[in-house]
Amino acid sequence: MATVTPNGVQLFFNVFHERPSLESLPNEVLLEIFDHVYPSKNMPKCFTVPCTLSKVCRRFRALALSLLVREVVVRDSAAYIQALKYFGEGPGKARAHFVRSVRIERNDDTSVDCDNRYEDDNSYPFHNLRSFTCLEGVCSPPQLKSLEKCRQLSSLTLVWRYSRFPDLSAWVKLRTIRLFLEWTLLAAYPPKQTLVVSSLTTLSVHGAEQSRRFSESICDMSFPNLRVLSLHETRAHVSAVYSFVQQHPSLREVNVSFWQYVRLSFDSLVKLIDGSGTWRRRTDTHAAVDPPKFHFDTSNDRETYMTFNAFGFARLPLVDPPAPPHGPTESAVQRYKVTALAIPVFNQRCWEHLGAEPLMLPDLFKMADRFPAMEELRIASGTTQYEGTFISFMGEIGENLRDWKCLRKLSLSWVIPTYWMWGPAELELGPMPDSYVPILDAVRPPVYAPEDDDADEALNPNDPASFMSGPSHGPTLCVTDFPRLFYEKYARMITDNLHRSLGPDVDVDAHAEDRNFLMQQWEARHYPLVARMMRRLGERCPTLEEVEWVPTGACHPLQSVRWVWKFHRGKTLGVTGDLTYGSGLRGSVPYLPNLVGQELASMRDFHASTSRSFQFSRLVG
């Protein structure tokens, strides 16, 4: 208890007012606090914490604005030039050094035409830039040169139409480069490049089908510290790509899709992943090598009849650092273990007509001994599943999951015929009751099939512009679509059954144009059954954390229906499912069956940011 004296009272008063508070913290500490709560993934800036704090007081506003300008996002080249002027000589000049990321979302002129004033190195305002992204506008070498003062640049994403690989010598801290190649590369014949780029850890090239020589020139380059490689729609020789992977032992994640229709061998892919294969480079014409492509031979019982032209994998070395690749005369030794694998498989029914037994989707799960360290498996089968039912199909997969000791994430899709049944009980029904609604009671959800009228509007997952345009309408069906898709009598029968099935409490006519209505009814009908089957998978595989099921198959990436199930392990095993689709209230996440790891997350973030930007620009424009 304080002594009641003038000095004591004065002392108590000072202690009370000098107690630490938020306002007493220095600006540097406040910035760290604000920065910690700022990353709000896929959220517009106007709803983030710094934007809210900027309205509290002048001091908070000044600090919050320095965080809000860290990422400058503009919709086209004209807005980009305005931003350069604002931060270079306008009111934002004092905050230009806070900018860490520049992103040019759209450009109708297909060229980022920088103002000459800013092509001077000393005039470019963003000297502390870490990331530069230009999605659609083609960036020229002179415009790229304007970034040379950004010595801290670590990530570069460009649309590139030039024959030579970009000159990256100015940025010693550059770790990631993503190139979207333009069609004009068709007329370019780049000279052979034998460059050595030591700083890069991530190399991603999209649209490489535009130039075979550019694709092959990358395979002639050397990246000693490369850890992530993505080549989408490449026209390089399969053996050149495989040899490139073999000659870069630092690689941990690889995602490759070939432009040409080639049938790759599954057994050779396994050798590529674990480092035990030998691949011919273009100069090694007489070397003994493994064939990367599939060769049909019914006399070879050891050949796995599963073909594809795209794949993704992640691996870890058995010893660190990994052993160097063996020569053509040395014995093949496994150097890596696979931890993630993604394969979009071709339709395998053709092998049945040739007298061979193809590898069906459930059979793949009998290979647990070949992948003892597998943590993530993503399989998209192009084979239509006519046999059995959904319950028997998932049960067969579940029985084979027992031997997968490390599996945490599983992604499945296969082609579902229109009238495939959920369970064996449905096969004994005989004539369907009046309450049966094919649109709602089939395993395939009520969406447009790939062969429907949206096929002409299919989007390219490797094209950034396609993510922002999209089809003219959503992929899900509504009641008003019935007369256009079915015969008049059949459409009337489906509508009448729909009224009887849902009962008088649901006004079907009021939801006739709602593209969420049928999907919501389909989800509500089948959620208990699917949850029960997913729980069985979790019981068979104790390490399983997530299962992604895509009932629309590996079709258009933005029109896919994804049902993601998460497992909650405690005294009892619980499961929760989250259904997303194109026109749904929760939005859609693109289904990319040939990607794993970092690039899978990057492309999903890319889709989310471009879709949000496009919708916002449509709203305010």
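This is a guided tour of a predicted model, one selection at a time.

**Whole chain**

Start with the protein chain in cartoon view. It has 19 helices and 17 strands. Of its 621 residues, 52% are buried. Now think about contacts between residues at least 6 apart in sequence: 72% of them join residues at least 24 apart. Switch to a surface view. The protein chain exposes about 29700 Å², and carbon and sulfur atoms supply 53% of that area.

**A nonpolar patch**

Keep the surface on and select Leu22, Val29 and Ile33. They form a nonpolar patch, with about 210 Å² of accessible area together. Pick out valine 29 in this patch. Its place is in helix α2, residues 27–37. Valine 29 has a relative accessible area of 34%, so it counts as partly exposed.

**Helix α5**

Select residues 77–89, which make up helix α5. Next, colour the buried residues of α5: Ser77, Tyr80, Ile81, Ala83, Leu84, Phe87 and Gly88. They cover an arc of only 160 degrees around the axis, so they sit on the same side of α5. Look down the axis to see this.

Go to strand β7, residues 228–234, and stop at glutamate 233. Most residues other than glycine have a negative phi. Glutamate 233 is partly exposed, with a relative accessible area of 25%.

Move on to helix α8, residues 238–246. Is α8 mostly covered or mostly open? It is mostly covered, with eight of its nine residues buried. Select them: Val238, Ala240, Val241, Tyr242, Ser243, Phe244, Val245 and Gln246. Zoom in on alanine 240. Its relative accessible area is 11%, so it counts as buried. Alanine 240 and serine 215 are 25 residues apart in sequence, and their C-alpha atoms are 9.7 Å apart in space.

**Salt bridges**

The structure holds 17 salt bridges. Two places are worth a stop.

Aspartate 267 lies in helix α9 (residues 266–274), and arginine 370 lies in the loop between α11 (361–364) and β13 (376–384), so the pair ties together parts that are 103 residues apart in sequence. Arginine 370 is partly exposed, at 33%.

For the other, select Glu399, Arg402, Glu539 and Arg540. These residues are linked in a network of salt bridges. Begin with glutamate 399 and arginine 402, where the closest N and O atoms are 3.5 Å apart. Glutamate 399 is partly exposed, with a relative accessible area of 42%. Arginine 402 is also partly exposed, at 42%. Then turn to arginine 540, whose side chain meets that of glutamate 399 in a salt bridge of 3.3 Å, N to O. Arginine 540 lies in helix α18 (residues 517–540) and glutamate 399 in helix α12 (residues 390–400), so this pair ties together parts that are 141 residues apart in sequence. Arginine 540 is partly exposed, with a relative accessible area of 23%.

**Helix α17**

Last stop: residues 488–502, helix α17. Check the ends again. Colour the buried residues: Ala491, Ile494, Thr495, Asn497, Leu498 and Leu502. Their arc around the axis is only 165 degrees, which puts them on the same side of α17.

What do the buried residues of α17 pack against? Show α14 (438–441), α16 (482–485) and α18: these are the elements they pack against. Glycine 503 follows α17, and its phi is positive, near 80 degrees.

Methods: Residues are numbered from 1 along each chain as its sequence is written. This is a predicted model: local features need pLDDT of at least 70, side-chain atom pairs count only at pLDDT 80 or more; totals for chains, interfaces and linings use all residues. Side-chain values use heavy atoms; hydrogens and water are left out. Helices (H or I, at least four residues) and strands (E, at least two) are DSSP runs, numbered from the N terminus. Buried means under 20% relative accessible area, exposed over 50%, partly exposed in between (1.4 Å probe, protein chains only). The expected span of a helix is 1.5 Å times one less than its number of residues. The arc is that of the directions from the helix axis to the C-beta atoms. Patches are made of residues with over 30% relative accessible area and no salt bridge: like charges are joined within 9 Å, nonpolar side chains (Val, Leu, Ile, Met, Phe, Trp, Tyr) within 5 Å. Accessible areas come from the Shrake-Rupley method with a 1.4 Å probe; for residues, only the protein chains shown count as cover. A salt bridge is a side-chain nitrogen of Lys or Arg within 4 Å of a carboxyl oxygen of Asp or Glu. Contact means heavy atoms within 4.5 Å.
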